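Trainee: Could you take one part of this model and go through it closely, following the side chains from one to the next?

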Amino acid sequence: MPHLDEEVMSTIIEREIAVVKADIKEEIKQSKAHTSFPLAKNEDSIINEVLERQRRSTNIIVFNLSDDSNLETDLLFVKDLLAPSELDLSKIRVSRIGIKEQKQG
């Protein structure tokens, strides 16, 4: 597959987002026509929710990593884990979620 430059990719993504927004607005309009009660969320919040879910669709969560490791160690672990997948591993970012426990001592 040929490499597309960032400007072309940005244009394609913007067009796709516009199509998704239009589709969602049409679905909302049709659902309002078929129901007697208003939607709990307004159209913009629904669109934002869909876009947020789309953005997070490539996230993965890894459980049971050692609490003693740091982000650099975590990144190496995740890259080793995903190496067989042939994904572009140069764009991987790692962060920890949850409450960080304070070490006693």
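Mentor: The side chains of D74 and R96 are joined by a polar contact of 2.8 Å (N or O atoms within 3.5 Å, one able to donate a hydrogen and the other to accept it; residues adjacent in sequence count only if both atoms are side-chain atoms). This is a predicted model, in which local features need pLDDT of at least 70 and side-chain atom pairs pLDDT 80 or more, while totals for chains, interfaces and linings use all residues. Residues are numbered from 1 along each chain, and side-chain values use heavy atoms, without hydrogens or water.

D74 sits in helix α3 (a DSSP run of H or I, at least four residues, numbered from the N terminus), and with a relative accessible area of 3% D74 is buried (under 20%; exposed is over 50%, partly exposed in between, with a 1.4 Å probe and protein chains only). Leaving aside residues up to four places away in sequence, D74 touches L65, S69 and V94 as well as R96 (heavy atoms within 4.5 Å).

E49 is partly exposed at 32% relative accessibility, whereas R53 is exposed at 59%. E52 meets R55 at 2.6 Å and R56 at 2.5 Å, so that E52, R55 and R56 are linked in a network of salt bridges, with E52 and R56 about one helical turn apart. Both E52, at 28%, and R56, at 47%, count as partly exposed.

Notes. Helix = DSSP H or I, 4+ residues; strand = E, 2+ residues; numbered from the N terminus. Salt bridge = Lys/Arg side-chain N within 4 Å of Asp/Glu carboxyl O.
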